[in-house]
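Open the model in your viewer and keep the selection tool at hand. This tour goes from one selection to the next.

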Amino acid sequence: MIRLISKNALALALVAIVCVAILGSLNQLTQPKIAEQRLLSQLAILQEVLPDASNARELLADCTLVNVPEQLGKAGQKVYRWRQDHELKAYLLETTAPDGYSGNIDLLVAVSPDGTVLGSRVVSHQETPGLGDKIEQRRSNWIYSFSGKPATAADARRWAVTKDGGDFDQFTGATITPRAVVNAVYRAALYVQQHPELATAPANCEISP
Amino acid sequence: MSLMKELTLQGLWKNNPGLVQLLGLCPLLGVTNTLTNALGLGVATLLVLLGSNMVVSLVRAHVPNEIRIPIFVMIIASFVTVIQLLMNAYTFGLYQSLGIFLPLIVTNCAIIGRAEAFASKNPLLPSAIDGLMMGLGFLLVLVALGAMREILGQGTLFDGAELLLGDWAKILRIEVFHSDNHFLLAMLPPGAFIGMGLLIALKNSIDQRQARKQAVAKGSITRARVTGAAQ
């Protein structure tokens, strides 16, 4: 009985070792390609939000981690800094709207140092297809309505959907989603405006794997 | 040759994993909101099924009966991880849009079902054919349901095909009709259930018609005439 059990255990272990060996080597083989793909998709998003940024790879390296869940939705968000001729032109912030209709909405927002929103994109979301997903730029151009809008603490009232007396359209049948996105973008812009020290914070993001 | 024919018929129609065995419903209903997603997951499942059936068949003589299930699961999980790594490396966009359903192929009962029911009892070649045909059957159901839901839901076909096939595939996108408001029911999970039900009903009605025709051909229908005369 014991012999049978140990024989079976050994057979299982052997199969596990073979499987792990195959997967380990394949992982090694595909690792560089996967890292490259991830980098490319990050670069593509950065470039969409801030088309002027020619040296996107440099931009990706000049990045600092911030832990302000109240303003940016969750801890450990990345802030990229875009400099031209040693002058800081814009920040690119990862931010999260925690109050979407179904779960978090991850956004990337470009803000100039004085707090003007330059552009924004939805990176990932689980909103209702056909209603809430109009925040995606391939479904509608609603997300462009933030471009060039200044954000100051004084005009909090204007940073809301029309239904709440603000400047931004809601969608028919979906108010919660745009409301969440508007608030998240506003909070990100305000955060940049109120924290000029971001420009000199050390670049401490791990270079993406 | 007749073996090949029989296995093909079983996989594609008589014992179709999607329509008859009703296995793997979770990915079937989850990712069929567009044709591209359905095709991507269908191909991934097909590859896993083919690979796992072949390996299970090769090692079937050496696997002790008591621990065959954990070993099969390990083989299948390895294949899924292989596919997942490859898709992550070469079709990144699709990898992201399939999301959790890719690792969930491991739990697709159709795969362990074929390993246990067929590949563990048959030599390499029939097992490979069985895996291929069962995978193809599953793929076809996914594609049919995906196309149905995409047309009804957003009026297009092959939306986002470039995620799967590269940039040239953008020309594949067909706009059947234009609508600003999507037909939500078709795109959400309830639409998948309804569509699936309709597909199964269609298959059953075709089968029944076939059976009736055969009955007529054999002449067994004469019994009906007897009851008719009694009235």
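This is a predicted model: local features need pLDDT of at least 70, side-chain atom pairs count only at pLDDT 80 or more; totals for chains, interfaces and linings use all residues.

**Stop 1: the contact between chains.** Select both sides. Chain A gives 17 residues and chain B gives 18. On the chain A side, ten are nonpolar, six polar and one charged.

**Stop 2: two helices across the contact.** Select H1(A), residues 2-49, and H4(B). Their axes lie 8 Å apart, at an angle of about 10°. The two helices are therefore roughly parallel to each other, as the angle is under 35 degrees. Now show side chains. From H1(A), the contact residues include Leu12(A), Cys19(A), Leu26(A), Lys33(A) and Gln37(A). From H4(B), they include Pro70(B), Met74(B), Ser78(B), Leu85(B) and Ala89(B). By class, this helix pair brings 15 nonpolar, six polar and one charged residues into contact.

**Stop 3: annotated spans of chain B.** An unreviewed UniProt entry lists "transmembrane region" for residues 38-59, 71-87, 93-112, 124-148 and 183-202 of chain B. Select 71-87 of chain B: the span is 100% helix, and its end C-alpha atoms are 24 Å apart. Then take 124-148 of chain B, also 100% helix. Here the end C-alpha atoms are 36 Å apart.

**Stop 4: H6(B).** Select residues 109-117 of chain B. Which residues of this helix are buried? They are Ala110(B), Ile111(B), Arg114(B) and Ala115(B). Their arc around the axis is only 135°, so they sit on the same side of H6(B).

Conventions
Residues are numbered from 1 along each chain as its sequence is written. Chains are lettered from A and ligands numbered from 1 in the order in which they are written. A residue is buried if 20 or more other C-beta atoms lie within 10 Å of its own, exposed if 12 or fewer, and partly exposed in between; C-beta atoms are placed from the backbone. Helices (H or I, at least four residues) and strands (E, at least two) are DSSP runs, numbered from the N terminus. The arc is that of the directions from the helix axis to the C-beta atoms. Two residues are in contact if their C-beta atoms, placed from the backbone, lie within 7 Å. Ala, Val, Leu, Ile, Met, Phe, Trp, Tyr, Cys and Pro count as nonpolar, Asp, Glu, Lys and Arg as charged, and the others, Gly among them, as polar. Axes are lines fitted to C-alpha atoms, for helices over the stretch in contact, and angles run from 0 to 180 degrees between N-to-C directions. Angles under 35 degrees count as roughly parallel, over 145 as roughly antiparallel, 65 to 115 as roughly perpendicular and the rest as oblique. UniProt positions are given in the numbering used here, feature names are shortened, and annotations may be inferred rather than shown by experiment.
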